[in-house]
Structures are given as structure tokens and as C-alpha cells.
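I open the notebook with the structure itself. The entries below follow the order in which I looked things up.

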Amino acid sequence: MITYTQKIHILKTSLSVYFSVLVMYMLFANAVSIGPVSFDTFSIFIAGVTSAIASQIEDKDTYRVGTKRIYGTLLGSFVAFFIAIILNNLYATRIPVVIYVPLLCALGTALLFYFFYKVKGSPTATVGTVTLLGVLLQHPSGTTYEYITGRFIATVIGVISTITISKIVTIIINRLFKKQ
């Protein structure tokens, strides 16, 4: 049987995904850009997945998971940017792609885990690695600052949507069922 708390979590998560996907879809459909950064259908996916992952039963946990996702995505994007510069230069060589792409992915992963074990802890390193691999493998040739920044903005939109919706739903529920 689904508990009352689980039902509220389902409501918060589904509304968070709805609003983050809606915002990103509106940005994409209306060709809105932030400076040189524009959005695509993958941005919509990133925002929706971020909302689903960040949503937790307790608001404080939603905030904690959401901020860790932002930190991980930020560092993963930063490392991916520098590795993408190397990667883009290697595409012009005769070295087989099968040699250097996996090697650079492993190098980036090692850097992220090393940094986060020193500073933050491994769950954030995992998020950073997913970001790194998403950037390097999903859009490897010609990866640009704008592309990486777009992924980061989509993540932030997903987290902000989730934290906001979670807090609003909590406030409404508390007011509706406040004991008299």
C-alpha cells in the first residue's frame, strides 16, 4: 500500500518534472537563448531527469540532493570543457578515436573523483562523471562552451523547479491539514 508520505512525494515529483520540462520546452520552442547559449530537446530531458532525481520525500533532502547535483554538474562541466578542447584537437589527427576517447573519459572521471573525495564526497563525483560522459560521448565532436553551459542551465532549472515545487506543496498541505 502506498503511504500518505509517498503520495505527497509522487505529487511533488510529478509537478516538479512537469514544470521543469515545461520551462525548458518553452525556451526551446520559442528559440530563446541566454547570450550565445540556446536549448535543444536534450536540454528538456536534462531538466526533467534532474527534477526526478532531486525530488526527495523531505524538503531538506530535496535541497541537499539538488545542490549536490548542481555542484557535481558544475565541476563535471568544467572538466568536460577542458577535455573537450583536447578531444577536438585529437579529431584532426590520425590517432584512432577508439584509443583516445575512452582514455580521456577515464582521465576526466579520475580527476572528478579525486577532487570530490578531497572536498565533497563521492555522490557528487558520480553526478560530475555523468555530466562529463554525457558531454564527451553524447556530443563529442565540436563540443563548445555554449553546449556545456546549456546543459548546466538545464540542470539548474530542474533543481530550482524541484525545490520550489516541493516547498509550495509542503506549505499548501500544511495549511490544508493544519489542526484547528
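**Entry 1: α3 and α4**

At roughly what angle do the axes of α3 and α4 cross? I find that they cross at roughly 150° and come within 10 Å. For the record, axes are lines fitted to C-alpha atoms, for helices over the stretch in contact, and angles run from 0 to 180 degrees between N-to-C directions. That crossing makes α3 roughly antiparallel to α4 (angles under 35 degrees count as roughly parallel, over 145 as roughly antiparallel, 65 to 115 as roughly perpendicular and the rest as oblique).

I note two things about the source before going on: this is a predicted model, in which local features need pLDDT of at least 70 and side-chain atom pairs count only at pLDDT 80 or more, while totals for chains, interfaces and linings use all residues. Residues are numbered from 1 along each chain as its sequence is written, and side-chain values use heavy atoms, with hydrogens and water left out.

Helices (H or I, at least four residues) and strands (E, at least two) are DSSP runs, numbered from the N terminus. I looked up the handedness of the α3 and α4 crossing and it is right-handed (a crossing is left-handed if the near helix is turned anticlockwise from the far one by less than a right angle, and right-handed if clockwise).

From α3, the residues Y71, G72, L75, G76, V79, I83, I86, L87 and L90 meet Y100, V101, L104, G108, L111, L112, F115 and F116 of α4. Contact here means heavy atoms within 4.5 Å. Sorted by class, the contact of α3 with α4 has 14 nonpolar, three polar and no charged residues. In this sorting Ala, Val, Leu, Ile, Met, Phe, Trp, Tyr, Cys and Pro count as nonpolar, Asp, Glu, Lys and Arg as charged, and the others, Gly among them, as polar.

**Entry 2: the nonpolar cores**

I then looked for nonpolar cores, that is, sets of buried Ala, Val, Leu, Ile, Met, Phe, Trp, Tyr and Cys residues joined through side-chain atoms within 4.5 Å. The largest has 19 residues, and L132 and L136 have the most contacts inside it. Two or more residues come from each of α3 (59-90), α4 (97-119), α5 (122-138) and α6 (145-176). With seven residues, α3 gives the most to this core. Apart from it I find another core, of ten residues, including F39, I44, A154 and I157.

I followed L136, which sits in helix α5. L136 is buried, at a relative accessible area of 1% (buried means under 20%, exposed over 50%, partly exposed in between, with a 1.4 Å probe and protein chains only). Not counting residues up to four places away in sequence, L136 touches A80, I83, A84, L87 and C105.

**Entry 3: α1 and α2**

How far apart are the axes of α1 and α2? They are 8 Å apart, and the two helices pack at an angle of about 160°. α1 and α2 are therefore roughly antiparallel to each other, and their crossing is right-handed.

On the α1 side I list T13, S16, V17, S20, V21, M24, Y25 and F28, which meet T41, S43, I44, A47, G48, S51 and A52 in α2. The class count for this contact is eight nonpolar, seven polar and no charged residues.

S16 lies in α1 (residues 4-29) and counts as buried at 0% relative accessibility. Beyond its neighbours within four places in sequence, S16 is in contact with S51, S161, T162 and I165.

S43, in helix α2, is buried with a relative accessible area of 0%.

G158 is in helix α6 and is buried at 0% relative accessibility. Its contacts, leaving aside neighbours within four places in sequence, are S20, A47, T50 and S51.

**Entry 4: A31**

Is A31 buried or exposed? A31 is exposed, with a relative accessible area of 65%. I place A31 in the loop between α1 and β1 (33-34). A31 has a positive phi of about 50° although it is not a glycine. Most residues other than glycine have a negative phi.
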